[in-house]
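Student: Could we go through this protein together? I would like to learn how the words used for a structure are backed up by values.

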Amino acid sequence: MLKKYVGPALVGMALLLAACMVPEKFTAEYEIKPGGDFTFVYEGTMIDALTRVAKVKSAQTGEPMPDAAQMKEMLDEFKADPRVVEFKELGNETYQVRLEDKGNLKQAGAVYFLSKELKFWNLTYDPAGNTVTLAVSPLKDGEMDKLGIKMAGEFKLSTDCKIVSSSVKLDESLLGNTYSFKIDNGSADGVTVVMQLE
């Protein structure tokens with residue numbers, strides 16, 4: 001189906017963006033309890049990447065855009081996700097989005113942002129060490145730039161868990177137990193933060 005939308009030249013990029021929505025400018029807030037309970041809030045903009053890819057393809061080859069009803073169906077599927085509590089069109093394939101999620105990581109094992117296939121970021125539980133890892137892996141090799149998407153995100157992590165390790169320097173709030181870091185198109189190495197549960 002993706003070949004029908006974007007053509008073989010951009011299939012690799014489209015497969016990477018298969019959930020169609022890509023985070024742009026946002027704040028992602030996690031609260032992780034020592035027992036494994038977590039809450040998550042995403043607040044910011046997202047890009048309808050499949051429509052953006054189709055426009056790039058059309059501009060390059062002169063081919064017509066895919067059927068609007070089919071593209072709308074993909075957006076409707078995204079909006080139907082129970083985690084999506086706000087979805088507002090801003091124009092230019094851009095949407096204001098708020099997602100909320102909660103659960104227990106010991107029970108879930110892993111929680112993925114948007115989907116398992118899209119490895120933007122995720123939380124995973126390791127029962128062997130009783131640890132939780134927040135792994136953030138932005139798109140690499142210029143995919144975002146090719147689509148004109150300038151990702152700029154701030155992660156806020158509130159936890160009483162011990163921070164075992166972090167691949168980046170975490171900014172700690174004056175009150176303690178709240179940490180933050182930022183990512184953008186240039187964050188090619190991603191970020192990994194490991195926390196010890198009780």
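Student: Why is Val53 called buried?

Tutor: Its relative accessible area is 0%. The cut-off for buried is under 20%, so Val53 is buried. Please keep in mind that this is a predicted model.

Student: Where is Val53 found?

Tutor: Val53 is found in helix 3, which covers residues 49-61. Other buried residues of helix 3 include Ala49, Leu50, Arg52, Ala54 and Lys57.

Student: What makes the span of helix 3 close to the expected one?

Tutor: Helix 3 has 13 residues, and at 1.5 Å a residue the expected reach is 18 Å. From its first C-alpha to its last, helix 3 reaches 18 Å. Just after this helix comes Gly62, with a positive phi of about 80°.

Student: How far apart are Val53 and Leu147, in sequence and in space?

Tutor: They are 94 residues apart in sequence, while their C-alpha atoms are 6.8 Å apart in space. For the protein, take contacts between residues at least 6 apart in sequence: 65% of them join residues at least 24 apart.

Student: Which strands does helix 3 lie across?

Tutor: Helix 3 lies across strand 1, strand 2 and strand 4, and runs at about 25° to strand 2. Helix 4, residues 68-79, lies across strand 1, strand 2, strand 3 and strand 4, running at about 145° to strand 3.

Student: What is the order of the sheet of 7 strands?

Tutor: The order is 3-4-2-1-8-11-10, in an open sheet with mixed pairing.

Student: Why do strand 3 and strand 10 stand at the edges?

Tutor: Each has a single partner strand, so one side of each is left without a neighbour in the sheet. Strand 3 covers 84-91 and strand 10 covers 171-172.

Student: How do you know that strand 1 and strand 2 pair?

Tutor: Two strands pair if there are at least two bridges between them. Strand 1 and strand 2 have 10 bridges, in the antiparallel sense, so they pair. Within this pairing, Pro23 stands opposite Met46 in strand 2.

Student: What does Met46 touch?

Tutor: Leaving out residues up to four places away in sequence, Met46 touches several residues, among them Pro23, Phe78, Tyr95, Leu99 and Phe113. Met46 is also one of the residues with the most contacts inside the largest nonpolar core, as are Ile32, Tyr42 and Trp121.

Student: How many residues does that core have, and which strand gives the largest share?

Tutor: The core has 50 residues. Its largest share, 6 residues, comes from strand 1, residues 21-32.

Student: What is the order of the sheet of 5 strands?

Tutor: It is an open sheet with the order 5-6-7-12-9 and antiparallel pairing. What makes strand 5 and strand 9 its edge strands is that each pairs on one side only. The twist averages 15° from one strand to the next.

Student: How do you know that strand 9 and strand 12 pair?

Tutor: There are 4 bridges between them, in the antiparallel sense, and the rule asks for at least two. They meet the rule, so they pair. Here Ser165 stands opposite Val194 in strand 12.

Student: How many of the protein's residues count as buried?

Tutor: Of its 198 residues, 46% count as buried. The protein exposes about 10200 Å², and carbon and sulfur atoms supply 51% of that area.

How values were computed:
Residues numbered from 1 in each chain as written. Predicted model: local features only at pLDDT ≥ 70, side-chain atom pairs only at ≥ 80, totals over all residues. Heavy atoms only, no water. Buried < 20%, exposed > 50% of the residue type's maximum accessible area, 1.4 Å probe, protein only. Contact = heavy atoms within 4.5 Å. Areas by Shrake-Rupley, 256 points an atom, 1.4 Å probe, with all protein chains shown as cover. Helix = DSSP H or I, 4+ residues; strand = E, 2+ residues; numbered from the N terminus. Expected span 1.5 Å × (residues − 1). Axes fitted to C-alpha atoms, helices over the stretch in contact; angles between N-to-C directions. Core = buried A, V, L, I, M, F, W, Y, C linked by side-chain atoms within 4.5 Å.
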